[in-house]
There are 4 protein chains.
Amino acid sequence: MIRFECDYTEGAHERILQRLLETNEEQTPGYGMDDHCEKARAYIKKACDSENADVHFLVGGTQTNTTVISSILRPHQGVIAATSGHIAVHETGAIEAIGHKVLTLPSEDGKIRGEQVKELYDAHWSDSAPEHCVQPGMVYISQPTENGTIYSRSELEVLSKVCREYGLPLFIDGARLGYGLVAEDSDVSLADIAMLCDVFYIGGTKIGAMMGEAVVILNDALKKDFRYMIKQKGGLLAKGRMLGIQFETLFEDGLYFEISKHAIDMAMLLQKGLSEQGFSFLYHSTTNQQFPIISDRILQALSEKYTYSFWEKVDDTHTAVRFCTSWATKKENIEMLLQDIKALQ
Amino acid sequence: MIRFECDYTEGAHERILQRLLETNEEQTPGYGMDDHCEKARAYIKKACDSENADVHFLVGGTQTNTTVISSILRPHQGVIAATSGHIAVHETGAIEAIGHKVLTLPSEDGKIRGEQVKELYDAHWSDSAPEHCVQPGMVYISQPTENGTIYSRSELEVLSKVCREYGLPLFIDGARLGYGLVAEDSDVSLADIAMLCDVFYIGGTKIGAMMGEAVVILNDALKKDFRYMIKQKGGLLAKGRMLGIQFETLFEDGLYFEISKHAIDMAMLLQKGLSEQGFSFLYHSTTNQQFPIISDRILQALSEKYTYSFWEKVDDTHTAVRFCTSWATKKENIEMLLQDIKALQ
Amino acid sequence: MIRFECDYTEGAHERILQRLLETNEEQTPGYGMDDHCEKARAYIKKACDSENADVHFLVGGTQTNTTVISSILRPHQGVIAATSGHIAVHETGAIEAIGHKVLTLPSEDGKIRGEQVKELYDAHWSDSAPEHCVQPGMVYISQPTENGTIYSRSELEVLSKVCREYGLPLFIDGARLGYGLVAEDSDVSLADIAMLCDVFYIGGTKIGAMMGEAVVILNDALKKDFRYMIKQKGGLLAKGRMLGIQFETLFEDGLYFEISKHAIDMAMLLQKGLSEQGFSFLYHSTTNQQFPIISDRILQALSEKYTYSFWEKVDDTHTAVRFCTSWATKKENIEMLLQDIKALQ
Amino acid sequence: MIRFECDYTEGAHERILQRLLETNEEQTPGYGMDDHCEKARAYIKKACDSENADVHFLVGGTQTNTTVISSILRPHQGVIAATSGHIAVHETGAIEAIGHKVLTLPSEDGKIRGEQVKELYDAHWSDSAPEHCVQPGMVYISQPTENGTIYSRSELEVLSKVCREYGLPLFIDGARLGYGLVAEDSDVSLADIAMLCDVFYIGGTKIGAMMGEAVVILNDALKKDFRYMIKQKGGLLAKGRMLGIQFETLFEDGLYFEISKHAIDMAMLLQKGLSEQGFSFLYHSTTNQQFPIISDRILQALSEKYTYSFWEKVDDTHTAVRFCTSWATKKENIEMLLQDIKALQ
């Protein structure tokens, strides 16, 4: 079976495994206080052009979202997100489990706009009895979104401006951040991200690492006691070096961006190939997730050899599905997939 | 610096790293649904002599405790534990953060007795208005305890009997379980553990793995929807295979027990050497954590070359400290430590 | 100012105050264990034709919803409700604060249908990885709804059937239950409510009492330890008799229904009057909340003498507002209001 | 049966009921925005000599403790309290249910000392890895304590000084505050309380009201959005006037203090009578709760005519019990109780 259903089907980039082997016998302090974590933090701060940032390493995305949001909000506040936001739909109510409502905004493409945030905020505060409703307390977006789309620099600037005007910390879920940064139509750099939001994370799990997400806190007001929060929410890895070594390897010489680029190349190869065969797409994605609309007959045939994710029924005979590429995707597999689909037409 | 302050100072057992390399390019489904996890589950169930058990892999101890306890208790119930229990003191209130009180029982050696549980339970239910107090809902113990001591088979049997009589699920935190199972004075097998409790976990992080804890659920009533709980609490690793491969390696041919035994040998070497030099110990530990009482003068001198954990002041000039051995401890380091201490006397 | 903005603008029915005076010097045990609570429970069980029900008295609606829902759900479960449900919009995230997501279903009239519940449930369980999503765990409806509409007996039967088939406890928020039971087009009795749901409450605050809601638990599986939940969530009134005496008075000889009927008569008088003057209504409400659409010019003029609630803008010059009647509404005030509106036309 | 087991066995002070009757037909806005609440706030602020305080009315003690503590702490913080503190033992884990650990300090008399707080705080921050433990975030005390004892002005000053030095808000549970303020040996005024703490509440339930607690927030930093917290935690009474009218009556001309004094007089009468008969007391209480140690034979006989609370067994044949007086206690009942005990000697 050749797997395209997600972007975490292989292990880790070979240089990471190599580095784990080389450092295996070193003795280090636990909980992220080791030299590898220290170096990784330095590399990341440099890449973000943010020397004053705090950088923490956590294990996975749901845990990271929970920890960051729990650290920011007071009990009566909620987090604004797109209806399709990961925290709104695919984290088994992790945000509610720590006490907060996800205040959803409708979105066709996975993005929310500054104007929407403004309207929701104004509506809350113009209510005659706002204390009967959840107070908007922060904004969560994903870059790229769950639909593969990316925010442009100007879209982020508008959002950031609204958030700062209204005192709403802006949190960017970067589980697939690398894939967004190197997309062909992206005009957003890592330093831009760091400048425009209050806290974000750089996903490792889906881009070369075995696991691991690097949280970057820019806003000084959000830095206090964050390690307590990580520990309480179960994310303070005893052998923190495992995360440090991985991010050290990914960021010491640009490996993170290089392998992100490979995934994008593979995604564009797939997109181009399918477009040429006449397929349309549910979303205009320029990143590693592609959502072609394919006839159920072809999908049925493909499923004997390939995996993909069901996304939604488009009509009685067609379905939008998700194919993911990643740092590990082999070009020959994309080519074979395209040929097989062509043969099925 | 030679490190003895904890049992997670090195990376992972080399056979684990080797296996990660060998399997790295395999494509697998995510979230623990891969063949490696499946094999690891089978090995563990066999080692526990419990074919009907459910086995789940989580990343770390605090996360595992939180997930298990959250899954079992209703909101008005608390978990009984020793005052020194990990959940009572060293998890930043993770149990309270999910809504539950830790009902502590005093303990000199880290263990709680069946009789204590019985008394607490009876006291609750003999109150004229028990609904004003937290209802005892389950029992948490650690094997070995945070003090390095171990429960004997008969002690566990008594606890288990009380728990079953009173309908209190018994949960064993086995973060260092291997070290308890192979201790020289242990009369408890993995199958005994599985037979006497309702749910427990086998610690990987401190015994050869990079990270990972294997939860084993014996009581059918506690199995339902456990994967939802793992996901919500942030423990469902996308590349679940990383945990599966590690436990597969540790349990396919007894590596877990073999390397546990090495740690115990090293601990006994240290204990014997210190005893011969006239040192006494805070607790009678037969496992990998040793708590010698040493003069502050010697400790001060040692700290230039070795790390250890402060435990508690014993008198004005002496301190109980913790030295940990592990699967990775080198015999020459123990010998050097003993010589250095001797030279400082 | 003559107030119509809600149904809790006056104190309590005079017979309740009279009874409080008469019983004031009695000495009673606390926390709802007194004879008045006992009698009130008996009256309510009889009115519900449910001798085996458990009846508990709480102080307010949000507290009651929180307590009931917290008592029923496991941590990974959510409660299904209409998007306009009180728990979804007007309780400051109280449900999320106890850890649960409100799974909303769209609704034009405030009601949800059995078919919608079925679809949501089926969609969850047909997902390839349901454990990444909140599991539907119970259903919450309001009778009458927040829009003044009422469920018919057959609608409740369909909902009830779906809920029982799927193992979803059905909880009815009866903050205004009396007004629903005596509405002219209602074919649902209190005994029907008790037969068709698992737990519901009879609102006192809005129907004659100073405060107080009577929770009626029908499903045996939901009865256990409910008093612990009340205490933990802050609803176990020390002088529980205050609630008992009020419900005793309301239910010993049908006062609850009698005064509910008065509110409905007043609402129908208002509705008929406005209809005759040519006004239309946002919802077809047959209960004590009426939502006429009125020109902003008239509303502006009215606001100098009357209060009402803003509901929503209908167009540039018209607004839907809410006028509430209650057990305490004076007929002359309705008549004056109608005359004043007429004069403004 | 003559009841002494608690201080909430009767209804409300007759002037309160009278006022409820007089105001019953007034129409007022809901949720504490009415004139009676406004007046009550003004009276209380004046009595506290704190014009800038925020005053809010809640229904009961557990609810108030939960709301205040939830509003102050961040998720990783706990509240320091005596082991006998109400929040530590008699609120069914309400504080844990909102996510926080109660950090208990041992106490013989129910009071905690500034020095204890200092030690606990210093111990936390001198730990090498404090983030593994719950961070002390505020201090909770009761005045009078659960044992009937009271803090002196100098004891409060020391506590207050430590709290301010360490940035720990000091919260005083005044469920029985009146009884502490008018105790014969009290040197603490309401204005002192207001000056020395950050937030406290004035208990109504146990001193003349049907129910109700008035929260007084002195520290500006703790005022923000408190009404959201009240609503979320279920304490925002729809007919808030019911609370306002009661506190208006209690504070407009000193009724609160006057009836508190009556309870103290009755308690002293009981204490003196029992002392003269040779009984000793478990605690040296100068307030309305008295804890005499009485032979089980006498207690058994008394229980046919009187109620009291079991407190603790003192030896095989004696028990410490609690007798409470209140604003409603009749002198003849105290006298009869003393005579009956004497006759049983």
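Buried area is the accessible area that two parts lose on being put together, summed over both. The views below are taken from a predicted model.

**View 1. The interface of chain D and chain B buries about 1300 Å².** Carbon and sulfur atoms give 50% of that area. The contact involves 16 residues of chain D and 16 residues of chain B. On the side of chain D, the residues D:Thr92, D:Glu96 and D:Lys101 supply 41% of the area buried against chain B, more than any other three residues.

**View 2. Two salt bridges cross the interface of chain D and chain B.** One of them pairs D:Glu96 with B:Lys101, with 2.8 Å between the closest N and O atoms. Helix H4 (86–89) and helix H5 (94–97) of chain D are the elements that give two or more residues to the side touching chain B. Between chain D and chain B, 10 residue pairs are in polar contact.

**View 3. Chain D is superposed on chain B by a rotation of 180°.** The shift along the axis is 0.0 Å and the RMSD is 0.0 Å. This is the relation of a two-fold axis. Of the interface residues of chain D, 100% are also interface residues in chain B, so the copies meet through the same surface.

**View 4. Chain B is likewise superposed on chain A by a rotation of 180°.** Here too the shift along the axis is 0.0 Å, with an RMSD of 0.0 Å. The same surface serves both copies, as 100% of the contact residues of chain B recur in chain A.

**View 5. The largest nonpolar core has 134 residues.** The residues with the most contacts inside this core are C:Phe200, C:Ile202, D:Phe200 and D:Ile202. Beyond its neighbours within four places in sequence, C:Phe200 is in contact with residues including C:Cys48, C:Phe171, C:Ile172, C:Leu177 and C:Leu190. Its other contacts include C:Ala214, C:Val215, C:Val216 and C:Leu218. Another core, of 133 residues, lies apart from this one, and A:Val188, A:Ala214, B:Ile44 and B:Leu181 are among its members.

**View 6. A:Glu252 and A:Arg19 form a salt bridge within chain A.** Their closest N and O atoms are 2.3 Å apart. A:Glu252 lies in the loop between helix H11 (241–251) and helix H12 (255–276), and A:Arg19 lies in helix H1 (residues 14–23), so the pair ties together parts that are 233 residues apart in sequence. A:Glu252 is partly exposed, at 26% relative accessible area, whereas A:Arg19 counts as buried at 17%. Both belong to one network of salt bridges that share partners, which also takes in A:Arg15, A:Glu22, A:Glu248 and A:Asp253.

**View 7. A:Asp296 and A:Lys313 meet in a salt bridge at 2.5 Å, N to O.** A:Asp296 is in helix H13 (residues 296–302) and A:Lys313 in strand S12 (residues 309–315), 17 residues apart. A:Asp296 is partly exposed, with a relative accessible area of 25%. A:Lys313 is also partly exposed, with a value of 42%.

View 8. The N to O distance is 3.4 Å. C:Glu25 is exposed, with a relative accessible area of 60%, and D:Lys330 is partly exposed at 38%. Over all chains, the whole structure has 88 salt bridges.

Technical notes: Residues are numbered from 1 along each chain as its sequence is written. Chains are lettered from A and ligands numbered from 1 in the order in which they are written. This is a predicted model: local features need pLDDT of at least 70, side-chain atom pairs count only at pLDDT 80 or more; totals for chains, interfaces and linings use all residues. Side-chain values use heavy atoms; hydrogens and water are left out. A nonpolar core is a set of buried Ala, Val, Leu, Ile, Met, Phe, Trp, Tyr and Cys residues joined through side-chain atoms within 4.5 Å. Buried means under 20% relative accessible area, exposed over 50%, partly exposed in between (1.4 Å probe, protein chains only). Contact means heavy atoms within 4.5 Å. Copies are superposed by least squares on the C-alpha atoms of residues with pLDDT of at least 70 in both. Buried area is the accessible area (1.4 Å probe) that two parts lose on being put together, summed over both. A salt bridge is a side-chain nitrogen of Lys or Arg within 4 Å of a carboxyl oxygen of Asp or Glu. A polar contact is a pair of N or O atoms within 3.5 Å; within protein, one must be able to donate a hydrogen and the other to accept it, and residues adjacent in sequence count only if both atoms are side-chain atoms. Helices (H or I, at least four residues) and strands (E, at least two) are DSSP runs, numbered from the N terminus.
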